[in-house]
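Good morning, everyone, and thank you for making time for this. Please have a look at the chain on the screen while I walk you through it.

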Amino acid sequence: AVTLDPATSKVSFTLGTTFHEVHGTMALTAGTIRFDTETGLASGEITVDATRAETGNQGRDETMHAEVLETARYPMIVFRARHVEGVLVDPGHSELRIVGVMSLHGADHPMTLSAVVESGDGRVRGELKFPIPYVEWGMHDPSFLVARAAKTVNLRVQAEGRWDN
């Protein structure tokens, strides 16, 4: 199993708009992924605290929490792993695909996340980049007047942790 360290892990997001790109962060609060290297079967989850999402602009953040993420109703984003594809090289560099379900805004969405992983000396570091089609998934489109927001937000997870035998 891999247990992630929230203190050294980072979740960031980017949303394109008419006039500029919005950058923000969220907090990874916990994560453990267990998988069988022979069968690829996996379990465990990664949890992100949506209530701690911020972009550095108070008005925009208030809209994001109240109208888009609705964090009072849906405070957590959870990815549950079901299967890992690819060969884990330890120590070394691996490119894996993690198949699972993203629970976001009160609904479950099947997802496959590509991960680049470096491991050695009992430690593991991985990076995942993936789009979230938040409008398609039923969340509010924050576009207004002539300022248009992209219908997809891009997430980047930089996670660090340790192997638990």
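Predicted model: local features only at pLDDT ≥ 70, side-chain atom pairs only at ≥ 80, totals over all residues.

Let me begin with a term: a contact means that heavy atoms lie within 4.5 Å. In the protein chain, residues 24 or more positions apart account for 54% of the contacts with a separation of 6 or more. Residues are numbered from 1 along each chain as its sequence is written, and side-chain values use heavy atoms, with hydrogens and water left out.

The secondary structure comes to 1 helix and 9 strands, where helices (H or I, at least four residues) and strands (E, at least two) are DSSP runs numbered from the N terminus. Along the sequence, the pattern is β-β-β-β-α-β-β-β-β-β.

Of the 165 residues in the protein chain, 42% are buried, a word that stands for under 20% relative accessible area, with a 1.4 Å probe and protein chains only.

Is S103 buried or exposed (over 50%)? S103 counts as buried, because its relative accessibility is 13%. Leaving aside residues up to four places away in sequence, S103 touches M76, I77, V78, R80 and D108.
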